[in-house]
Amino acid sequence: MKIGVLTSGGDAPGMNAAIRAIVRKALYHDCKVYGIKRGYSGLIKGEIVPMNSRTVGDILQRGGTILKSARCPEFKTEEGRMKAKEQMDKMGLTGLIVLGGDGSFMGAQKLNELGYKTIGIPATIDNDIGCTDYSIGFDTAVNTVLDAVNKIRDTASSHNRVYVIEVMGKNAGFIAVGAALAGGAEAVLVPEIPHNMDDVCKQINKNLKRGKNHSIIIVAEGLMGDPLFNEQCCGFGIAKYIEEKTGADTRVTVLGHIQRGGTPTFFDRKIATLMGAKAVDLILSGQSAKMVGYVDNKIAVYDMEEAIRTKKTISMEELELANIMSNI
Ligand code: ADP
Ligand code: F6P
């Protein structure tokens, strides 16, 4: 059997650990592995290279993906997928392991419909994929945000300021809630929950009266487009509103793509290695259209259809506790 592996959508720290596990587990079973560059774009263009144990040497600790990633609208078209099919057949690939998010899995579904064995591995810092407690990259990203929150809290305290920190999460508040709970933010705003800026301002004023001379407000980028803020980056709109309503000296930090890089944490390396190895076992045993998840501290396998359909929601309990911890 010859299998391919590709990384698709936003890259995530830990993808290289998964690629390493896929290549080495496949070689362990005498199965040839080919790396496809730049996601589905590279598949369509035939950017396909043989992988061996050495090509995945010294990558375990590296963020990003040695296979590069890309978004590829052409693969959403029948014509684009026919080009991909041609390349798969030319290389004699009968299976494909896809690392990415929901969108990438929809692409894998289409390849499954064309007769190829496909297995999905959840890899996105947003952590918004169903049927898994964690996606590869989330733990590293939220730790990157925590490091930034700690540094910003130092200067906020020195200058008695309010800091608005905008974090990633296309339409999901997992990074924001995790960083708020573990970082001690005074407020956290996420796209999933209607927010009341006047309540946030009241809390800031209450904290000031109690002698808490600085506040950290974490906001998920998904709030962009809220008419209240009408800013390119919602963090600036929120900061302006707070400054006008409370008079507090307010600053903004938009963390952006630093959340996508960095050496993967132990946890991301662990789940990436376990997921990569399991994906190889599944595809070599003839399974297809499955996603490898990590649920209740162990590897779990779900139909890809179910993973795509299942909408994962942030924990309201964590959100409420984050607010209690910082405002009592
Ligand atoms: P993610 O995998 O992180 O959700 P995207 O939603 O950007 O990232 O999807 C990544 C790529 O997956 C897209 O650029 C496209 O090539 C492919 N893709 C997404 N949705 C579909 C679909 N419905 N059919 C076929 N391919 C898709
Ligand atoms: O999906 C992961 C993610 O980092 C989102 O959190 C973010 O909104 C998006 O990708 C950014 O996309 P790009 O890398 O194309 O700027």
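This is a predicted model: local features need pLDDT of at least 70, side-chain atom pairs count only at pLDDT 80 or more; totals for chains, interfaces and linings use all residues.
Reader: How far is a backbone N or O atom of Gly169 from an oxygen atom of ligand 2?

Author: Look at the backbone of Gly169, not at a side chain. A polar contact is a pair of N or O atoms within 3.5 Å.

Reader: Which side chain, besides that of Arg71, has an N or O atom 2.6 Å from an oxygen atom of ligand 2?

Author: Start with Arg71. Its side chain places an N or O atom 2.6 Å from an oxygen atom of ligand 2.

Reader: How much of the area of ligand 2 does the protein bury?

Author: Taken alone, ligand 2 exposes 400 Å² (Shrake-Rupley method, 1.4 Å probe). The protein buries a share of that area, and the share is 76%.

Reader: How many charged residues are in the shell around ligand 2?

Author: The residues around ligand 2 (a heavy atom within 4 Å) include Thr124, Asp126, Lys170 and His257. By class, 2 are nonpolar and 3 are polar. The charged residues number 5.

Reader: Now ligand 1. Which residue has a polar side-chain atom 2.5 Å from an oxygen atom of ligand 1?

Author: Take the contacts in turn. Arg71 has a polar side-chain atom 3.0 Å from a ligand 1 oxygen. Gly101 uses a polar backbone atom, at 2.9 Å. The side-chain atom at 2.5 Å is from Ser104.

Reader: What share of ligand 1 does the protein bury?

Author: Ligand 1 taken alone exposes 550 Å². Of that area, the protein buries 85%.

Reader: Which helix gives the largest share of the shell around ligand 1?

Author: In total, 15 residues surround ligand 1, with Cys72 and Gly103 among the closest. They divide into 4 nonpolar, 6 polar and 5 charged residues. The largest share, 6 residues, comes from a helix that spans residues 102–113 (a DSSP run of H or I, at least four residues). That helix is α4.

Key: Residues are numbered from 1 along each chain as its sequence is written. Chains are lettered from A and ligands numbered from 1 in the order in which they are written. Side-chain values use heavy atoms; hydrogens and water are left out. A polar contact is a pair of N or O atoms within 3.5 Å; within protein, one must be able to donate a hydrogen and the other to accept it, and residues adjacent in sequence count only if both atoms are side-chain atoms. Helices (H or I, at least four residues) and strands (E, at least two) are DSSP runs, numbered from the N terminus. Ala, Val, Leu, Ile, Met, Phe, Trp, Tyr, Cys and Pro count as nonpolar, Asp, Glu, Lys and Arg as charged, and the others, Gly among them, as polar.
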